[in-house]
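Here is a short report on a protein fold, written for reading beside the model. Keep the structure open as you go.

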Amino acid sequence: MKSLIRSLIKQVTITTSIALALLMMGCNNVASFDRAVQGYWQSNRYGWVMVVEERGISLYDQLKGECLRSDIFPLFVDIEALPHEFVLDNGDLMTALNGIKSPPIRWQRRASLAQACPKGEIARSGAADYQENVLRDYDWYVATFERHYAFSALRNIDTETLFKGGRAQLQASPTVATLQSVLEAFIAITQDGHVKLFALDLEQGGVDELANGDIAATLEGALGLEGHRNGVSDLDTYVSAQVDIILNSIRQHLDMSRRKADSGGIMHWIPVAGQNQGYVLLEGMENFGGEALTLDAQSIALESALDELVADFKNVDRIIIDNRLNGGGFDRFGFQIAQRFMASNTTQLNKQVYVGGDWLAAETLNIKRNAVAYSGDVILLNSPYTASAAETFSIVMAEQANVRIMGERTAGELSDMLFKVLPSGLVFSLSNEAYKNEAGELFEFIGVPVDIQAKSFTNTQRLNGQDNTLADAIALP
């Protein structure tokens with residue numbers, strides 16, 4: 001369980017760096033694509049153009065008829081697996097990107113890159129004809145945000161005023177430093193942890209996070225914002241010490257001699273000391289079985305761990321699932337875990353994509369109960385640090401008659417992250433999708449509610465070395 005320290009302090013940075021490093025492969029000369037799927041494909045809903053050749057893929061961002069070479073798939077994508085999952089449906093290309101996008105993305109065939117990008121291609125940093133132009137970068141960012149960001153009204157973001165002010169600053173000082181400063185200031189106003197800015201790190205083959213719209217949605221960020229720090233001046237020292245205190249306050253309720261975990265050390269299951277109850281800690285929704293594994297391999301590792309967990313806890317009176325420090329990852333893994341604790345046979349989620357001022361027709365996700373599942377009493381612990389895929393997991397769990405949610409509302413950041421690039425090479429992300437439960441309730445911004453209110457990890461609790469929420473969950477009737 002000590003590995004949680006690594007996750008809490010470095011999860012966002014490490015996850016993003018690895019994701020984009022893996023995905024910036026473009027035409028990687030590894031996969032072999034069938035002639036039937038080769039050619040030019042466009043997805044208007046995500047603003048992408050994909051060129052499929054025999055030995056690889058190139059990706060472009062498309063906006064108002066112009067294209068910008070991207071070569072950044074927005075999530076972990078095993079390129080070698082794509083030829084096996086590409087499916088033609090009435091002339092369109094369907095792909096779930098290794099199960100990340102569900103329902104699959106539908107791409108329409110185009111005769112040429114010129115048809116998909118009638119106004120031509122914008123030169124990007126590194127190209128022979130590239131010329132630095134920060135106003136062009138800014139205008140591309142603004143136009144992309146206005147076309148694809150779904151929650152300006154919900155989050156009360158006055159984009160028109162803010163974007164006008166930002167452009168005025170750049171006109172007065174047209175430098176890369178000013179561009180970065182303007183974007184960072186705007187991103188902070190969104191209070192959306194999926195709105196981010198990154199700088200390419202060519203030496204490391206990844207990116208460095210420059211701005212995060214909701215730094216307080218992580219425990220590290222929240223601790224860093226605490227003014228008192230209990231007399232400790234160094235931030236890293238303070239955060240590390242507070243995480244140790246939190247972990248110890250959890251451990252005191254558990255029989256740690258019987259701890260088990262998946263081979264990646266992400267999901268831990270431990271008997272509650274002195275009780276016929278089980279405790280499950282979810283550090284994230286990725287890297288099950290190890291960071292180096294493909295998503296499909298992680299799914300296999302997770303399935304094996306869940307089999308063992310359910311077998312170990314099949315006779316307990318209650319299972320407490322600790323989701324409070326789960327910053328997310330991939331929905332597919334959250335759904336895979338939820339399937340093991342569902343009382344109903346099927347639970348539906350509705351997903352909508354926002355593009356160009358409109359919500360597209362909702363698509364339905366059907367989450368089916370696994371045949372090997374625990375259907376007894378389940379307490380799910382959530383907090384404001386429960387985010388992203390940990391929240392879509394929570395929506396499924398909230399629909400189950402055998403589940404009570406305890407703690408605080410989640411972060412309210414459920415959308416997938418849509419990654420885009422600027423001509424200068426800066427990378428940014430935004431939220432373009434809405435997840436709703438069967439009743440049509442939207443949890444973006446407001447978070448997934450709880451059945452039983454309880455605050456976790458307060459300064460008072462940390463000073464006393466207590467986890468009151470976990471203690472109260474164990475004591476529930």
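Eight strands make up an open sheet with mixed pairing, in the order 5-6-7-1-2-3-4-8. This is a predicted model. Strand 5 (87-89) and strand 8 (121-122) are the edge strands, and each pairs on one side only. Strand 8 pairs with strand 4 (residues 66-69) in the parallel sense, over two bridges. There, C67 has E121 in strand 8 as its bridge partner. Helix 4 lies across strand 3 (56-63), strand 4 and strand 8. Its direction is about 90° to strand 3.

**Helix 4 and helix 5**

How do helix 4 and helix 5 run relative to each other? Their axes come within 10 Å and cross at roughly 170°. Angles over 145 degrees count as roughly antiparallel, so helix 4 and helix 5 are roughly antiparallel to each other. Helix 4 contributes V134, L135, Y138, D139, Y141, V142, F145 and E146 to the meeting. Helix 5 answers with T159, L162, F163, G166, R167, L170 and Q171.

The loop between helix 4 and helix 5 holds S152. Is S152 buried or exposed? Its relative accessibility is 18%, so S152 counts as buried. Beyond its neighbours within four places in sequence, S152 is in contact with F145, I157 and T159.

**Nonpolar cores**

In soluble globular proteins, nonpolar side chains tend to be buried together. Here the largest nonpolar core has 99 residues. Y141, M267 and I321 touch the most other members. Helix 4 (residues 134-148) supplies the largest share of this core, seven residues. A second, separate core has 26 residues, including L254, Y385, M406 and F457.

Y141 sits in helix 4 and meets helix 5. Setting aside residues up to four places away in sequence, Y141 touches F163, L183, F186, I187, V195, L422 and F428.

**Strand 13 and its partners**

Which strands flank the chain at residues 277-282? Strand 13 has strand 12 as one partner and strand 14 as another. The table sets out the two pairings.

Strand 12 and strand 13 form a hairpin with five residues between them. In the turn, G274 has a positive phi of about 70°. On the other pairing, strand 13, helix 9 (residues 295-312) and strand 14 build a right-handed β-α-β unit.

Why is strand 13 described as largely enclosed by the rest of the structure? Six of its six residues are buried, so the rest of the structure largely encloses strand 13. Both faces are covered. Q277, Y279 and L281 are buried on one side. G278, V280 and L282 are buried on the other.

**A loop residue**

G440 lies in the loop between strand 22 (433-436) and strand 23 (452-453). Its relative accessible area is 38%, so G440 is partly exposed. G440 and K351 are 89 residues apart in sequence. In space, their C-alpha atoms are 9.8 Å apart.

How values were computed: Residues are numbered from 1 along each chain as its sequence is written. This is a predicted model: local features need pLDDT of at least 70, side-chain atom pairs count only at pLDDT 80 or more; totals for chains, interfaces and linings use all residues. Side-chain values use heavy atoms; hydrogens and water are left out. Buried means under 20% relative accessible area, exposed over 50%, partly exposed in between (1.4 Å probe, protein chains only). Helices (H or I, at least four residues) and strands (E, at least two) are DSSP runs, numbered from the N terminus. Two strands pair if DSSP finds at least two bridges between them. A crossover is right-handed if, with the strands pointing away from the viewer, the path from the first strand over the helix to the second runs clockwise. A nonpolar core is a set of buried Ala, Val, Leu, Ile, Met, Phe, Trp, Tyr and Cys residues joined through side-chain atoms within 4.5 Å. Contact means heavy atoms within 4.5 Å. Axes are lines fitted to C-alpha atoms, for helices over the stretch in contact, and angles run from 0 to 180 degrees between N-to-C directions. Angles under 35 degrees count as roughly parallel, over 145 as roughly antiparallel, 65 to 115 as roughly perpendicular and the rest as oblique.
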